[in-house]
Amino acid sequence: MKTVPCDVDELRTLFLFEKLTDDQLHWLCERGHAELLEPGPVYSEGAPATCFYVLISGALVMSTRVGADDIEVVRSSQRGVYAGAWHAYLGDRVPQLYKNSMRVTEPSRFFVLDADDVATVMREWFPMALHMLEGLFFGMQNTQQVVGQRERLLALGSLSAGLTHELNNPAAAAVRATSALRERVAGMRHKLGMIAAGPYERTELEVLIRLQEEAVERVAKAPTLTPIEVSDREDLIGDWLDERDIGDAWDVAPIFVQAGLDVAWLDHVADSVPAGVLDGAVRWLTYTVESELLMREIEDSTTRISTLVTAAKQYSQMDRAPYQTVDLHELLDSTLVMLGRKIGDDVEIRRDYDRSLPAIPAYAAELNQVWTNLIDNAVAAMDHRGTLTVRTFADHDFGVVEIGDSGPGIDPAIRDRIFEPFFTTKAVGEGTGLGLDISWRIVVKKHHGDLRVTSVPGDTRFQVRLPLVAPSASATDSPAEDPPASPPQSKQT
């Protein structure tokens, strides 16, 4: 670095200063100075922002850190482009740190002004502009925060409605099955009294008990039948019961079919008991089988409720530390369960998990928000009909989660904008444009990973790349920053 004289006439040729008065230009030259910089770094992202740089001659490159990489965002040789501490006018209301890194690629000359002097210029020379810029900066910041909170509340409401619906179905089934089971147990008590008072020999009772145990075993091994197979078996069993004058044959037949019993087994029952007690034996077995089926239905329903509650706790990370070592597959599965109703029955979910992928350090609840955004967008892109693919694999030092859909793809004209705040392709009222922006911040800034997309018609894939090991403390403390967009068309860098 070499300090060179500041030339007022030269400053006047720069677009940033062309409307200033002679007194103002002289003030700048007195407070600032010109520097000649050799190729190399000028300042680094995250360092205290102490100087404001205006390019007089030469060329500069701006870059921002994404994960472990420095990504070039601007390359310019235009005179007058500026960078550095140009947020100094906001004072201590925001962290005064360099938002990116700058280097020069050839010997370059800059006009350099201290950050405190930049703040003085804005306050004293452009008070109206200062108020407008402050309003714009904090207004956008507050708007983004409010809209982001609103989006999270809407997502929470949608998930709560879906979870309530999912819980209601097994809960109602368990209530119905419990009520029916109470009736069947009462019938069994009545039938047991009749058996105790009836003309049954001890050997006949032993045979009946053995048949009862066989029926229970068959219930546990009942095969899954097609509707046609079910109908055919019901007809056969119904006819078998009618031929033997057993009442309510067409009410009993569906119960036996559901339990996996067939005509051959009923022949076995008929051969095992005297003809005079066959009717009573069949009815006793009907009570036994139906009670077993109802208990299995109650078990399935309560297991489903328990699974949903476990998924909800996993999704919300209730009672867990924010930063922890997590299994990505558990997070993905809990999110898919929570979004089950919203995904719908017309979307085929394909899981392609690399189970050898190790647990990683992460903010689990926030990663679940990322999965929610990506899956919700994928399902919406397919119009709730198609194939949703959730894939995991390892790539060197990163664990990768890939969310794919079979929708029409992303228009190449907007692909570079999808991570911008407030940008959305959804209709008015259907999106806030914060989903992918928030996801980008969580993945890139909070986890020091990467979020990228590839898209062709019928195959759109969002890849979330997360470090397999925790980043260093210095990396974790890096300031938050907007995602990189296309190089700006304005002259500010």
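Colleague: Let's start with F111. What makes F111 buried?

Modeller: Buried means under 20% relative accessible area, exposed over 50%, and partly exposed in between, with a 1.4 Å probe and protein chains only. F111 has a relative accessible area of 1%, so F111 counts as buried. Keep in mind that this is a predicted model: local features need pLDDT of at least 70, side-chain atom pairs count only at pLDDT 80 or more, and totals for chains, interfaces and linings use all residues. Residues are numbered from 1 along each chain as its sequence is written, and side-chain values use heavy atoms, with hydrogens and water left out.

Colleague: And why is the pair of F17 and F111 called edge-to-face?

Modeller: Rings of Phe, Tyr and Trp (its six-membered ring) pair if their centres lie within 6.5 Å; planes under 30 degrees apart count as stacked, over 60 as edge-to-face and the rest as tilted. F17 and F111 sit 5.7 Å centre to centre with 85° between the planes, so the pair is edge-to-face. F17 is buried as well, because its relative accessibility is 6%.

Colleague: What does that pair tie together?

Modeller: F17 lies in the loop between helix 1 (8–12) and helix 2 (22–31), and F111 in strand 9 (residues 108–114), so the pair links parts that are 94 residues apart in sequence. Helices (H or I, at least four residues) and strands (E, at least two) are DSSP runs, numbered from the N terminus.

Colleague: Why is the pair of F52 and Y82 tilted?

Modeller: The ring centres of F52 and Y82 are 5.8 Å apart and the planes make 50°, so "tilted" is the label. F52 belongs to strand 4 (residues 51–57) and Y82 to strand 7 (residues 82–84), so this pair joins parts 30 residues apart in sequence. F52 and Y82 are both buried.

Colleague: How many aromatic pairs are there in the whole structure?

Modeller: A search finds 6. There is also one aromatic cluster, made of Y43, Y53, Y98 and F110.

Colleague: On to N373. Why does N373 count as buried?

Modeller: N373, found in helix 12 (residues 364–381), has 13% relative accessibility, so N373 counts as buried.

Colleague: And what makes N373 and S439 a polar contact?

Modeller: A polar contact is a pair of N or O atoms within 3.5 Å; within protein, one must be able to donate a hydrogen and the other to accept it, and residues adjacent in sequence count only if both atoms are side-chain atoms. The side chains of N373 and S439 are joined at 3.1 Å, so the label applies.

Colleague: How do you know that strand 13 and strand 14 pair?

Modeller: Two strands pair if DSSP finds at least two bridges between them. Strand 13 (residues 386–395) and strand 14 (residues 398–405) have 8 bridges, in the antiparallel sense, so they pair. V390 stands opposite I403 in strand 14.

Colleague: What about strand 10 and strand 12?

Modeller: Strand 10 (residues 323–326) and strand 12 run antiparallel, with 4 bridges joining them. Q324 has A362 in strand 12 as its bridge partner. Strand 12 (residues 360–363) is covered on both faces, with I360 and A362 buried on one side and P361 and Y363 on the other.

Colleague: Last one: which residues of helix 7 are buried?

Modeller: In helix 7 (residues 249–258), A249, V252, A253, I255, F256 and V257 are buried. Just after helix 7, G260 takes a positive phi of about 85°.
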